[in-house]
Structure formats: structure tokens, C-alpha cells
Amino acid sequence: MAKGSLDKTGLRRHNRQRSEQKGRSAERLAEAILRLKGYRICARRWKCKYGEIDIIASHKGVLIFVEVKRRHSIQSATEAVTWQNRRRIEQAASAYAQSRRLTPLPAFRFDIFTTTSWRQWHHKEDAWRSGD
């Protein structure tokens, strides 16, 4: 193997790190735009046993759970939020509400924020309902 070249494991790790960096960049963009739209950011990358919620925000009395996706097109980013992802996010949202002892449970919704490598973005509010 040539000096400085990557083996398969190293290449996978490098690709994973680049994907992680791009994802964090997309989350920072989403957070900035949400703030400009008047949203209050409650948590970023909130983790529990069900997984992670990218952004938790509030706006006009509504608690909002935002999934951020970065892909080559807005459509492919939106399609990347599968029903399995949605169930996981719903479970994590429930865990968040329980961990904060939010009673009564405030109005809430699930949004998807998508972006491309060209910084095109789309914020789909109320992207799905719990149990859809």
C-alpha cells in the first residue's frame, strides 16, 4: 500500500467523517434559518435510547421536532425520512416530553428541513402526524 493511501476501513471512516461534517453543517444552517423565522431552539442533537432528534424548537406555543437531511436534491432528502425514521423520531419526541415532565403535553409537530450541497433549502412544516 502506498504511503498516505487509505485501506477500505480507513476510507469508510473518512467517508463517515465527511458525511458527519456535512450533516452538522446542514443542522447549523437549519438552526440559523429557524432562528431567523422566529423559532426558539430548545435543544440540538438530543439523544435518548430511541435515537437522536436533530433540532427541538418552539414557535408560537408549539413544540417542534425537526429532522434535518442533506442530499443532492430536496426531493431525495425528503424521501430519506422513511417511516422507520419517523417512528424513531416520534418515540424520541415522547421520551423528550417525559424527560422534561411536560404536562400537560404542549401542541407539537414534526418538521423536515432539507438542504442540498448548493445550499438550497426547504422547511416542510408539519411534515407528518404521529402515527401516520
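Which residues does Thr115 touch, not counting residues up to four places away in sequence? The answer is given in point 3, after the basis of the model and its overall layout.

1. Basis of the model. This is a predicted model, in which local features need pLDDT of at least 70 and side-chain atom pairs count only at pLDDT 80 or more, while totals for chains, interfaces and linings use all residues. Residues are numbered from 1 along each chain as its sequence is written, and side-chain values use heavy atoms, with hydrogens and water left out.

2. Overall layout. The protein chain contains three helices and five strands, in the order α-β-β-β-α-α-β-β from the N terminus. Helices (H or I, at least four residues) and strands (E, at least two) are DSSP runs, numbered from the N terminus. Along the principal axes, the C-alpha atoms fill a box of roughly 60 × 30 × 25 Å. Of the 132 residues, 39% count as buried; buried means under 20% relative accessible area, exposed over 50%, and partly exposed in between (1.4 Å probe, protein chains only).

3. Thr115. This residue is found in strand E4 (residues 107-116). Thr115 touches Ala26, Leu29, Lys69, Arg70, Arg71, Ile74, Gln120 and Trp121, with residues up to four places away in sequence not counted. Contact here means heavy atoms within 4.5 Å. Thr115 counts as buried because its relative accessible area is 0%.

4. Asp54. Leaving aside neighbours within four places in sequence, Asp54 is in contact with Glu27, Ala43, Arg44, Arg45, Val66, Glu67 and Val68. Asp54 and Arg71 are 17 residues apart in sequence, and their C-alpha atoms are 16 Å apart in space.

5. Largest pocket. About 420 Å³ of space lies in this pocket. Its lining comprises 17 residues, of which Ser19, Lys22, Gly23, Arg70 and Arg71 lie nearest the centre. Helix H1 (8-36), strand E2 (51-59) and strand E3 (62-71) each supply at least two lining residues, and the largest share, seven residues, comes from H1. The search used a 1 Å grid over the protein atoms alone: a pocket is an open set of points where a 1.4 Å probe fits, with protein on both sides within 12 Å along at least five of seven lines, and lining residues have an atom within 4 Å of a point. Grid points are joined across faces, edges and corners, and the volume is the space filled by probe spheres set on the points.

6. Backbone angles. Most residues other than glycine have a negative phi. Lys60, although not a glycine, has a positive phi of about 55°. Lys60 lies in the loop between E2 and E3 and counts as exposed, at 76% relative accessibility. Asp126 likewise is not a glycine and has a positive phi, of about 50°. Asp126 is found in strand E5 (residues 121-128) and is partly exposed, with a relative accessible area of 32%.

7. Charge. The protein chain has 29 positive and 13 negative side chains, and the centres of the two sets lie 5 Å apart. Lys and Arg count as positive and Asp and Glu as negative, while His and the chain ends are not counted. The place of a charge is taken as NZ of Lys, CZ of Arg, CG of Asp or CD of Glu.
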